[in-house]
Amino acid sequence: MGSSFATSAFATSNVWDSTTPWNESLVAQYAAWDNFASATHNATPEFGAGATLTETSTLASLIGSKNIYNALGTSNFIATLLGTSTGSFDVYLRAATTGTLLNTSATLNGVAATLVETYVANGRGAEQEVYWKWSDVTSAGIYVFNFKANESHLSLDQLAIAVVSAVPEPSSYAMLALGLGVLGAASRRKNAGKTA
């Protein structure tokens, strides 16, 4: 769990209250919505390109704050992002909601990840910010995310998708240093044999 706050005084619609979970990592692809244009299908993100968001229950409506709100049922969402890079990446799906909470599980191309909560303001119309992270994802032609609400009365305020350069584990650096050391020793040994 991330940091939590006991009051909604800090909550601001269409503004992230927590820091980006990918910090200073190099972002290869990014798409985000602060305001939604439709309750069912949003094909043009406000930031970035090549992404869509679809609410599949067909029971949601677009409310005055440009949120996707579902009072009649449980919202199910499918977000997509076209893949353009090659390599291995960390992929993030980040959401801000008010009302009821999102389900803790989400999938990326069928692979599950668990929700990390970064902000919560309790009280009337509780606000929550969360993300899911998939590590060392091989680049894909399209990234397909599935996530949903726990129950009715979820209001989706913001959504962001980020594909960032994977940060090597410390053990990877250790193996690299060991490999360079072995190469250096072999080179010195070869050069010492030539001078003898």
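I began with confidence: the protein averages a pLDDT of 84, and 77% of its residues score at least 70, pLDDT being the predictor's confidence in each residue, from 0 to 100. This is a predicted model, in which local features need pLDDT of at least 70 and side-chain atom pairs count only at pLDDT 80 or more, while totals for chains, interfaces and linings use all residues. Residues are numbered from 1 along each chain as its sequence is written, and side-chain values use heavy atoms, with hydrogens and water left out.

Entry 1: I looked up where pLDDT stays under 50 and noted residues 1–11, for which the model has 24 contacts beyond four places in sequence, a contact meaning heavy atoms within 4.5 Å. I noted residues 171–176 as well, where pLDDT also stays under 50 and the model has one contact beyond four places in sequence. Where pLDDT is low, the predicted coordinates should not be read in detail.

**Entry 2: overall make-up.** I find one helix and 14 strands in the protein; helices (H or I, at least four residues) and strands (E, at least two) are DSSP runs, numbered from the N terminus. Of the 196 residues, 38% count as buried, where buried means under 20% relative accessible area, exposed over 50%, and partly exposed in between, with a 1.4 Å probe and protein chains only. For contacts between residues at least 6 apart in sequence, I noted that 73% join residues at least 24 apart. The accessible surface comes to about 10100 Å², and 58% of it belongs to carbon and sulfur atoms; accessible areas come from the Shrake-Rupley method with a 1.4 Å probe, and for residues only the protein chains shown count as cover.

**Entry 3: the open sheet.** I traced six strands that form an open sheet in the order E2-E4-E7-E13-E9-E10, with antiparallel pairing. Its edge strands are E2 (41–42) and E10 (111–114), each of which pairs on one side only. Two strands are taken to pair if DSSP finds at least two bridges between them, and two bridges join E2 to strand E4 (residues 51–55), the two running antiparallel. Within this pair I located His41 opposite Thr54 in E4.

**Entry 4: strand E12 and its partners.** I then followed strand E12 (residues 127–138), which pairs with strand E8 (residues 88–99) in the antiparallel sense over 10 bridges; the bridge partner of Thr97 in E12 is Gln128. Strand E11 (residues 116–121) also pairs with E12 in the antiparallel sense, over five bridges, and Val116 stands opposite Tyr131 in E12.

**Entry 5: Lys133.** Which residues does Lys133 touch, not counting those up to four places away in sequence? I listed Asp90, Val91, Tyr92 and Ala113. Lys133 has its place in strand E12, and its C-alpha atom is separated by 6.7 Å from that of Leu93, 40 residues apart along the chain. I then searched for salt bridges, taking one to be a side-chain nitrogen of Lys or Arg within 4 Å of a carboxyl oxygen of Asp or Glu, and by this rule the count comes to one. Asp90 forms a salt bridge with Lys133, the closest N and O atoms being 3.9 Å apart. Asp90 lies in strand E8 and Lys133 in strand E12, so the pair ties together parts that are 43 residues apart in sequence.

**Entry 6: Lys66.** I noted a positive phi, near 65°, at Lys66, a residue other than glycine. Lys66 lies in the loop between strand E5 (61–62) and strand E6 (68–70), and at 39% relative accessibility Lys66 counts as partly exposed.

**Entry 7: a nonpolar patch.** Last, I looked at the surface, where Val27, Tyr30 and Phe47 form a nonpolar patch with about 240 Å² of accessible area together. Patches are made of residues with over 30% relative accessible area and no salt bridge, like charges being joined within 9 Å and nonpolar side chains (Val, Leu, Ile, Met, Phe, Trp, Tyr) within 5 Å. Phe47 is found in strand E3 (residues 47–48) and is partly exposed, with a relative accessible area of 40%.
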